[in-house]
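This report looks at how two copies of a chain are placed and how they meet, and then at two local details. The sequence and structure come first.

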There are 8 protein chains.
Amino acid sequence: MESKHILSVLQQVQDGSLDIHTAYEKLKLSPFEDLGYAKIDHHRKIRQGVPEVIYGAGKTAGQIEGIVNALLPQCPENILITRLPEEAAEYLGQQFPLTYDKISHIGIVNYTKRLTASGSIVVATGGTSDIPVAEEAALTAETLGNQVERLYDVGVAGIHRLLAHIDNISKATAVIAVAGMEGALASVIGGLCDCPVIAVPTSVGYGANFQGLSALLSMLNSCASGVSVVNIDNGFGAGYLASIINHIGG
Amino acid sequence: MESKHILSVLQQVQDGSLDIHTAYEKLKLSPFEDLGYAKIDHHRKIRQGVPEVIYGAGKTAGQIEGIVNALLPQCPENILITRLPEEAAEYLGQQFPLTYDKISHIGIVNYTKRLTASGSIVVATGGTSDIPVAEEAALTAETLGNQVERLYDVGVAGIHRLLAHIDNISKATAVIAVAGMEGALASVIGGLCDCPVIAVPTSVGYGANFQGLSALLSMLNSCASGVSVVNIDNGFGAGYLASIINHIGG
Amino acid sequence: MESKHILSVLQQVQDGSLDIHTAYEKLKLSPFEDLGYAKIDHHRKIRQGVPEVIYGAGKTAGQIEGIVNALLPQCPENILITRLPEEAAEYLGQQFPLTYDKISHIGIVNYTKRLTASGSIVVATGGTSDIPVAEEAALTAETLGNQVERLYDVGVAGIHRLLAHIDNISKATAVIAVAGMEGALASVIGGLCDCPVIAVPTSVGYGANFQGLSALLSMLNSCASGVSVVNIDNGFGAGYLASIINHIGG
Amino acid sequence: MESKHILSVLQQVQDGSLDIHTAYEKLKLSPFEDLGYAKIDHHRKIRQGVPEVIYGAGKTAGQIEGIVNALLPQCPENILITRLPEEAAEYLGQQFPLTYDKISHIGIVNYTKRLTASGSIVVATGGTSDIPVAEEAALTAETLGNQVERLYDVGVAGIHRLLAHIDNISKATAVIAVAGMEGALASVIGGLCDCPVIAVPTSVGYGANFQGLSALLSMLNSCASGVSVVNIDNGFGAGYLASIINHIGG
Amino acid sequence: MESKHILSVLQQVQDGSLDIHTAYEKLKLSPFEDLGYAKIDHHRKIRQGVPEVIYGAGKTAGQIEGIVNALLPQCPENILITRLPEEAAEYLGQQFPLTYDKISHIGIVNYTKRLTASGSIVVATGGTSDIPVAEEAALTAETLGNQVERLYDVGVAGIHRLLAHIDNISKATAVIAVAGMEGALASVIGGLCDCPVIAVPTSVGYGANFQGLSALLSMLNSCASGVSVVNIDNGFGAGYLASIINHIGG
Amino acid sequence: MESKHILSVLQQVQDGSLDIHTAYEKLKLSPFEDLGYAKIDHHRKIRQGVPEVIYGAGKTAGQIEGIVNALLPQCPENILITRLPEEAAEYLGQQFPLTYDKISHIGIVNYTKRLTASGSIVVATGGTSDIPVAEEAALTAETLGNQVERLYDVGVAGIHRLLAHIDNISKATAVIAVAGMEGALASVIGGLCDCPVIAVPTSVGYGANFQGLSALLSMLNSCASGVSVVNIDNGFGAGYLASIINHIGG
Amino acid sequence: MESKHILSVLQQVQDGSLDIHTAYEKLKLSPFEDLGYAKIDHHRKIRQGVPEVIYGAGKTAGQIEGIVNALLPQCPENILITRLPEEAAEYLGQQFPLTYDKISHIGIVNYTKRLTASGSIVVATGGTSDIPVAEEAALTAETLGNQVERLYDVGVAGIHRLLAHIDNISKATAVIAVAGMEGALASVIGGLCDCPVIAVPTSVGYGANFQGLSALLSMLNSCASGVSVVNIDNGFGAGYLASIINHIGG
Amino acid sequence: MESKHILSVLQQVQDGSLDIHTAYEKLKLSPFEDLGYAKIDHHRKIRQGVPEVIYGAGKTAGQIEGIVNALLPQCPENILITRLPEEAAEYLGQQFPLTYDKISHIGIVNYTKRLTASGSIVVATGGTSDIPVAEEAALTAETLGNQVERLYDVGVAGIHRLLAHIDNISKATAVIAVAGMEGALASVIGGLCDCPVIAVPTSVGYGANFQGLSALLSMLNSCASGVSVVNIDNGFGAGYLASIINHIGG
């Protein structure tokens, strides 16, 4: 898929060092490993800069173990597992050095703290109940080499709590705004700063919240510029995207 | 339906000044006038403090004229007609002294300014496009005898525009927060003041706004206390309710 | 944020009793206390007239205990905790004098009955199953110093049950109409009285009720004036708003 | 499909008066006439008691003319055409004796008034704007041989207007309750009478009405027994059903 | 509310046998009994022909017991309790002679079979899983004095199973069509017979069924005339309505 | 219903070997067997080529046993039971030779592998969590006599994993694309091959996935031609349809 | 992308007849032609068996002309243009020999009738108003070389109209069931035949039809096997898919 | 609001060069200009790096003219007006040097091309009909000083059209993926590159597209990391956000 790879194969065919059927197989063969229930994408680190992240929900502890084992040779540290149930974490903790956070259900195999970007990411929440999603974002960003500042419970119903932190917000390279209920936090932050704001609607609330729909629609309709939205409760996606943005600045 | 009325009828029966069949008819007869296509509720002024308001949408100019004529004897001034199309307004303006506002489509027959409550009502909008709905609220409240202060285009994407008016807001007896898109204005105002906030979602916006659904859900899920919501674009309902609340204070 | 506070700080700067950096910090510093997982808003009693209310859902008993402890110095009685699970109530009952209602899941620390408004609030329900939400509203209003009258199971399918209480309704300063299913109660009450009607849709029902959506839409579309709506099952919000309105009258 | 028809065919086969291939065709042949764009169901009058009704929407005047011509031989009078646009009505009026109502867009070819049932049907509306749908119901029922009583603009916001007519309602064999907005009329009527109540939600309203969804859900969730619902704005369906019910009583 | 009652009271006033304040109380007093958590409507049997039915969901066994005790003096047999959980049934069975059906969760106190109408009601289901809702309808109708014929598992995917029973269907006074999934049964039956068809969508199905929404919408849009719809899974409502219709014929 | 059956009955009537009443019963009698709770459709094998499949959800083990027993005489092998809970499978396994797959919850009585079509069916999934639905499709197709190739975890986020298998896809007679989340797999496969693509949205995902709605809408709006969609999680339906298509080719 | 193409390029590299940079370009170069506003996919005829079809909606007559001109060299006849507005058709008719159908808005450049498959496709509609969508399907299938039989207005409300054509249906290789309103036609046809049924929901109807949603959900939940669904009003997609299926049989 | 501003005011108070009441006004006064119908936010350029952008929809030409006049002194070039109707553009073009694009409805006052960031932004569309939204994004980004590369009509149904441009995509600092229908483009691009992907769902499509809902949900559920979403048809928001991200890199 990548031009260098294709050119190198063709070079070998021209050299006579490769017969055309083997070359064909090489061109066709994509760099993944087939476990049957999963196809591990080793090329991803090159293509996207970070190794494959394991989405733990709906996988057995055994399947996750298999995937980790397949990844380890190419990716010896900081293998991120999201939505990892406690029981599976317990099992995996016996197989690998696993750092596990019970609030966000994030697990990290061979966790090694490392700062690879100079900017910082602010993770803000509207309320106390949004913290699990916020921690998923924060831990993801930290594992991917970013400095993270947490501003929890600064919802718009007491706007002065947010305004008190305006300096922190204005220094960030990217802000992650995590909020349920009416999700107004994203718009208010979006109006206060000039960096990208990644809005994460949460399913926190009840009634006409409809499992996060109200916050989702609210954030999509933000009248502030610079705001984009990820899926409801998708802390990982926000942390990952914030990390990409933060690494642009070097 | 009202105890005084019932007691008075019974008194007359006991007095012998009323035979029981006439009394029965009187008790059964509710105080409305039947125009065929509409039943005018003359009792309403007594029961609810304000005369019947005419909802102009879906009625012909002739039907509205008929209803106004039926109301005039009992209610000689300030007959409010909402959602009155321009053409119907033109026709009615030839029959009655009609004050008509093209932005909010409000018409008032025999308009007489009068202040019957001591407090004031703030009508705030998120943007310029919310003004028609806001004016429906403001004119309704003014017609019902209230002092109204307008704060337009103070949406949360530039929160300082709102904060600059915090004193006006804190002095109001009731605030009407009119906003489309993400509707965050209601929550922010709700967090800043201690009076009732009546939230009016508007259909202003596009896409995932879904004709006002995003603002509606956002306002219903407000994390601020003291906020309640009326129908999308229902400026009249908000102005009417604010007037009732403002008159409680005398 | 409040003009008096700003003026006083500036006065001290002019006096020389305050250097400009401390003044800056004072102006920036908002009056809240940071517990990490929550930011307690001590200024709120001044700003909104009532202390912060604790939304118990999604918080651990320990977190609630921490917040109560932070509030007590400034707010020695009637700290309201809504949606408090029974187990958390048991734990908190061992730490503080806690009045707990199992039906509405309301807890009150250092409950002291006190009447601070002269009017009364009617809380009406359509059916027996709406009582938990109604009690959340009623207890909230009582804790905030209001007299409350309960009219339960007066749904519109037997309209005479409601009409029998028309005198009570017509004397109220505010009515809270709590109903699930088709939510028609709010419209009927709205047509009978001239005070604000706060409609609370409940999730009581099944099928095309869609967890309260039918009652919510019904109430938002009420053809009666003076009706506004809070979130599905939000008894607290209705009780709080009714209290604000009831205190306008003094 | 009908047992008599099958037995008669078999009889003829046994008699030798019919060969088996003709018999097979007779058994297979259903009693309809194929116009290409429509298949006229002549058997329907026998099967369902009334001739096929023509749904005018989405058909050209020419197509409707063709269907009427096909129906006339078997059904010389009272051919009902619903949702007939004015222009098509003008054209058809030149071909047949057509009675046309501009409000409900109902057309009737060779209209002949006739009373075939002893009971009566009440058609009630919440407001003036619901009248077109109500008239579709009323005219359908009248064309099908029923006596109809109209109670228009008796919505629940002024409940005494409805209660004044309680005697008329209690004498009906069936009541059709036509209402938009919050659709509470059906429940209130359902609670007042003991006959079947056919609820017709209308698309009258705006905002969170969502084109009749609020009234539809409200009516489906009616807490009154004896209420069933037809499609939004489906006056014809309600009138037709009420007629069937009214004819059960003879 | 009823004319006879009013006239009789007035008569007594005129007679002097009643003073006007007592008369006023009598006119105001509606014939229900207040249990606090429920208001028993003794007038209903007169007003609607059947006694109050107890909706068991969301009530404690104790509350139901209280309501039954309040009803028994006026209504000694066939007190219907719907959605009665098994545990509550067990308790009630120790207090009263209770007939309980585990499939439909219907309980009947002092059940006495009795046929009060001459026609019959057909209850048809699309599949085996619709039977609990169908039984709720069938048992309700039987308790209210009707003869019921059950046609289960005659869904349209094997239309000949339904066509085989066309004679039974054509003899019914009313048909109840109970179906989940695509809910086509109502339309097909509606096209085959000339009596009222009461459609009951069920929540049977999965995926794009959305808890009965697909069947509900399907039935509301039925292209067959004579079909009306009740709430999803509302077997009781269908049985009750069918009984009213069946009793019209005497 | 089938012409041969009708002609043969008529022949016997003409022959005198059948009296007309017996003939009538034969014509009316549809070839199903009534178990009370279910009507077994023995004619289906002739009419549709495959025997009735048992939908296990919502049926008791005893009911399923009864249906299997009724089917066995006419259909001695490969009786398919979908959505069969483990406990029911355990019981049935004691009554019949049952092959049971715990992942897809498919049970097969008297399973006999047999290849009756020459083409092959590809079953592809977007992720590991879609495998249960995919296996329902694959096992259904295999039981119905098809060769099936599985391509699991080839979602579009790593498109090279899919492109590596382009040859397998281009050789298939039909492809089943099983995917949750954004469901893009169907469109991408649809653009790569020229055979029918049966898209199966799954409920895999969270948040704005809304239980499979996002994948469902995505697949219905596919910009690729040749794609059609079955219900969310309906692996059986896809496998069945793919088998029909695969057997067209012989 | 196709193995033969890759192997041939590699062969040339080995032969020395191609230098590696040209080879690289050839491998990278996909066989489409870039018009700026559109990328014509010449490879598609090889990859999918039919040339690119032009979706006319949202394109100017000039853009369509450009695409046709780009396609003509490789595809001299039967270029299909769907959703072609009349005005655009008029313009294009002056540039090319265009066959245009005003009902379905299908245009065909250089139309040449040709039968390339031996089976036949039945296109059935529920009503007269569904014909435009049905014709889009029928004309698409005919243009792609199939024999098509039309069965219009055979909706389930008069099921005998459909049953009369059971022989035609049972001979088809594929059936396209086009229906709006409750969409039951697909299920009934699905239960009668053993070939693939492609269900096309239409937006025909009103009210709770919600622009085709009712028919869509109904068809997705079909209890008949062998049914799959395309987008609302997507006649083209159904005709295209039916053609692919019909060509499997040769 | 900004620390420097506050400190400078305090400095002047301490200096005695400012009395405390003027200082108070200065602190309270936010830097906006009130036009009555709009409040121009002059501070925004400092706070967010770009001047206020004018959302043209729902504003009169006169209102827009007024806002432009208010902005010009502080912002002499590149004033962006989105959703500007053609007639308003004509009027404004007579008042100011206006560059207007009819496809995207973007107007720019005093347009001056300028490159202020070193990276580039790719704007890709699924089809030809998505171009208007894409151009809104592209022109916004260009006006804000970015280099933009357009890749139009590279939808996933012909994935090779996209793969041919993989090098362009992999060099971008940010990619904007604009697509309607099933919106799969965002996921596929997200899987191919390692920069932020801003997904813009469009309302292009019909039927179950539901005005862009299908693409919106699809993009929110993207299984690719690094993807975030803006409102349906919100090209401006995507272009603005991409510009912010592109300027991080310098």
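## The interface of chain A and chain F

How many residue pairs are in polar contact between chain A and chain F? In this predicted model, the count between the two chains is three residue pairs, with both residues at pLDDT 80 or more. Helix H2 (20-28), strand E2 (39-41) and helix H10 (213-220) of chain A each supply at least two residues of the side of chain A that touches chain F.

The size of an interface is often given as the accessible area lost when the parts come together. For chain A and chain F, this buried area is about 1700 Å², and 57% of it lies on carbon and sulfur atoms. In terms of residues, 26 from chain A are in contact with 20 from chain F.

## The relation between the two copies

Two copies of a chain are related by a rotation about an axis and a shift along it. Chain A is superposed on chain F by a rotation of 89° with 0.1 Å of shift along the axis, at an RMSD of 0.2 Å, and this is the relation of a four-fold axis. The two copies use different surfaces, in that 4% of the contact residues of chain A recur in chain F. Among the residues of chain A, the one that comes closest to the rotation axis is Phe210(A), whose C-alpha lies at 7.2 Å.

## Ser222 of chain F

Ser222(F) is placed in the loop between helix H10 (213-220) and strand E11 (227-229) of chain F. Is Ser222(F) buried or exposed? Ser222(F) counts as buried because its relative accessibility is 15%, and the cut-off for burial is under 20%.

The side chain of Ser222(F) is joined to that of Ser187(F) by a polar contact of 2.9 Å. When neighbours within four places in sequence are left aside, the residues in contact with Ser222(F) are Ser187(F), Val227(F) and, from chain H, Glu182(H).

## Helix H10 of chain H

In chain H, helix H10 (residues 213-220) is mostly covered, with eight of its eight residues buried. These buried residues of H10(H) are Leu213(H), Ser214(H), Ala215(H), Leu216(H), Leu217(H), Ser218(H), Met219(H) and Leu220(H).

Terms used: Residues are numbered from 1 along each chain as its sequence is written. Chains are lettered from A and ligands numbered from 1 in the order in which they are written. This is a predicted model: local features need pLDDT of at least 70, side-chain atom pairs count only at pLDDT 80 or more; totals for chains, interfaces and linings use all residues. Side-chain values use heavy atoms; hydrogens and water are left out. Buried means under 20% relative accessible area, exposed over 50%, partly exposed in between (1.4 Å probe, protein chains only). Helices (H or I, at least four residues) and strands (E, at least two) are DSSP runs, numbered from the N terminus. A polar contact is a pair of N or O atoms within 3.5 Å; within protein, one must be able to donate a hydrogen and the other to accept it, and residues adjacent in sequence count only if both atoms are side-chain atoms. Contact means heavy atoms within 4.5 Å. Copies are superposed by least squares on the C-alpha atoms of residues with pLDDT of at least 70 in both. Buried area is the accessible area (1.4 Å probe) that two parts lose on being put together, summed over both.
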